[in-house]
Amino acid sequence: MATPTTLSPPKALLLAAHLAATQDLPRLHHLITLHPSVLTGPALLRVLLHLPETAAPASYIPFIEHAHTAVPLPPLPDAPPPLDVAPVAKISEKRARALVELRLPPLQDDASPLESFLTARAYAIDAETGVLSIVHELLAPYTHLLPGLVANVDVLQRLVYEYARSPTPALQEFCQLPVDEALEVLIIDAGTVVRDLATLVEPYMATRDKGEWRQVWTRLGVLPFVNIVEVVARWTPPAEVRAEFAGWAVGVCYRCEDTSGRAWELMHSVHRRIASIPGATVDDAGAPVDKVGDLDDPLNPLFRPTTTRLQELDVLITSAAILARPLKEVVRLKLEGTKELQHAVLGAFVQAGEWQKRDDDEWRRTRDGARWMHQKARVLARLPVEDVELTVLSALLTAARFPLARALYLPPATPVLSIPAIETAVLTAFNAFFAAASNGNRTRGSMKSAYAAVTLLYPTHSTSPALESAYRLIAAVHALSSYSLTLTPGVPLLPARIRSHPDPTSLLDRVLSQNRRAYLQPDTLVSIAADLAPAHAAAAEPRVLAMAAAAALAESDFETAYAYTTTRLLPSATPPAAVAAAHPRLHAPAAPDAAAAAAARDHTWRTALATGRWRPPTSAPLTLGMLEKKLDLLALAVRFAPAEALVEVLAVWRRCEEELEAAVAAEERAEREHRERAERMGMAGSVTGGRGMAAARRGGEAPQSLFEVARGAARVFGRGAGGVGAAGAGGMLSGMTGMGMGMGMGSRGGARGEGEGEGEGERVRKRDMVGGMVTQGLASGLGWVLGAQPVEPK
């Protein structure tokens, strides 16, 4: 029969496992003393794994020490209890050996027997009881052997007992987690991240390789930016990873997409905090950074926390705040942005938000910001300084901040832009305002702004042709705004359409037709035409006067049309030398170019013809004075008309002459009848004046007929006075001025008696002069019909 002392090794191991499972440590102690060679080292540790998980570690730590170091077990306080071998007595040796292999498997080979035992025992205790305090008590004496396991136990214990985190993974599961997954367990609540870093992450990472801290930065990077800033501000990492921590914090700033006002202050706080952490900055080394690179790469040179890089970060944060753009866009703009991109960003900055409502102080800050980004931050370094200032100036002009633009860019301010550069911006603004104007009045709306833009330079600082043209265009459109002017009924003509009209001078024809008695303002209309088309100003006056004369005739104002033709159109069609010779006191016009002179002659003869053939809308007979004026005008038409038009002009002349002869005959009959009635009434003396007037008319030459005019022309040619010379033109102008050019001149006198006789004589002489004028006109215009050869003046 087997006894405790005669048990075979397999049965001794099975009995020891039985005693451990029942937590009968005194008998186990006795059994170990009976079989010291069997129950020792790894074998004893395998037996101890059968202890209940709730057993206090202090009760079996001596057994662990005995197995690990062969230190004798402390003696039992009482006599050894008797051992009962019944549990293994009936087991065969073969069966015993099999059961040992089954119930007492060997410990793990990847560590020492003690480490394997402690790890297995800790996992078992946690799995069966979940009481991590027992595990902690077990491992406390062996921290130096299993620092990682102890750290994991401490972390889980804090999670469970201090932070009441639920659920939490089992110890074995947690220990087997990769670092990134374990960090997801430790860092869950963004509100407690600083505490968790100090009490959970730091102990957890203390026993791991330094390179594993990269997983920590990755885990923190998913937190909201405000929580990351809190981490940077309140947590000081271990000394060995502070530089890495600083680089990560810099990278977070570069990757931040937030552009709210608070984001910039938070970034500045990150910069200040990094600079203040001992050991966080590193020495400046390496070449300057000229590319952004991959911002997700923690080794990006931009993130290196050198003093230079941190200073650049501070400047870039300020630039990003000014531009209201993410920091990564700003650094990319600085390092890799083209000139065109930088210019576009500057323009968007200057015209950001409700930029047209800024006051002067806000505009000054905007300009200072643009200059600072160009000169200090170098974010816009690819732009010339002139481009920066022009962009700001253009925005100022577009926002109609003209006094501020004058104060910043024109003397006595320090010159930062040349006058031609400022002029470019002014003209651009003018074009925009003019195109947007809905009314031509320069005291309102967009036209007011267009006028203010042009007068910013003109005429004080520049009188360039472009500015003068813009100024005159505004003047013309402003003047037109006082008239009714439409191309489509009921739709006012916009300034932009006036400017783009292919023939703006023709618009004055509509002004005259749509505004009654507007023809009485010839100087205003001429000024408008000259301003609308400065390049054709020389030809504007004859054309506009011709339109005004036509408008006067349309309103039955013959006298005004006559005056415009004889006093305004005739001088413009006559060479200046001829004007001066005929009438020295009359201001001679400047010598026009050939095209303008030809146009003036064309308008003159056409207007003279139209006025000479005009008839009043009523059927009343024309007065002698009006007929004589019409002959005057037709004489001008003969003088200036081209050869192909002379037949038409002479036909009108002939009809007018016939009317005049009929009118003269009718007047003579009326005078004769009046005289006969007076004689019958014994009043012969009272009609002396009438007889004198008739005698004066009879004593004078009879009205020239068309053929007499032609013969006179032939005589002119025979004397060698052909051609259109200055003398001929001067004679014509002298004749016209001698007749009293102007409204009402040349009409019949209203008084009778001696003055009446003188008036009749004057009319006879004037008809002679008109005949002479027609003769000269025919000499130059119809001479070819008679075969006359023009003679060059000597």
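The axes of helix 11 (residues 179–186) and helix 12 (residues 193–206) come within 11 Å and cross at roughly 155°. Here axes are lines fitted to C-alpha atoms, for helices over the stretch in contact, and angles run from 0 to 180 degrees between N-to-C directions. This is a predicted model, in which local features need pLDDT of at least 70, side-chain atom pairs count only at pLDDT 80 or more, and totals for chains, interfaces and linings use all residues. Residues are numbered from 1 along each chain as its sequence is written, and side-chain values use heavy atoms, with hydrogens and water left out.

Back to our pair: helix 11 and helix 12 are therefore roughly antiparallel to each other (angles over 145 degrees count as such). Their crossing is right-handed, that is, the near helix is turned clockwise from the far one by less than a right angle. Helix 11 brings Val179, Ala182, Leu183 and Leu186 to the contact, and helix 12 brings Asp196, Leu200, Val201, Tyr204 and Met205. Contact means heavy atoms within 4.5 Å. By class, this contact has 8 nonpolar, no polar and 1 charged residues; Ala, Val, Leu, Ile, Met, Phe, Trp, Tyr, Cys and Pro count as nonpolar, Asp, Glu, Lys and Arg as charged, and the others, Gly among them, as polar.

A second pair is formed by helix 33 and helix 34, also roughly antiparallel to each other. The table sets out both pairs.

| Helix pair | Axes come within | Crossing angle | Handedness |
|---|---|---|---|
| Helix 11 and helix 12 | 11 Å | roughly 155° | right-handed |
| Helix 33 and helix 34 | 9 Å | roughly 160° | left-handed |

Among the residues making the contact of the second pair are Leu624, Leu627 and Glu628 of helix 33 and Trp653, Cys656 and Glu657 of helix 34. That contact has 16 nonpolar, no polar and 5 charged residues.

Now for a single residue. Ser319 sits in helix 17 (residues 307–323). At 0% relative accessibility, Ser319 counts as buried, which means under 20% relative accessible area with a 1.4 Å probe, protein chains only. Leaving aside residues up to four places away in sequence, Ser319 touches Val330, Trp372, Met373, Ala377 and Val379.

Finally, the whole chain. It has 39 helices and 2 strands, taken as DSSP runs (helices H or I, at least four residues; strands E, at least two) numbered from the N terminus. Of its 794 residues, 46% count as buried.

Conventions
Angles under 35 degrees count as roughly parallel, over 145 as roughly antiparallel, 65 to 115 as roughly perpendicular and the rest as oblique. Buried means under 20% relative accessible area, exposed over 50%, partly exposed in between (1.4 Å probe, protein chains only).
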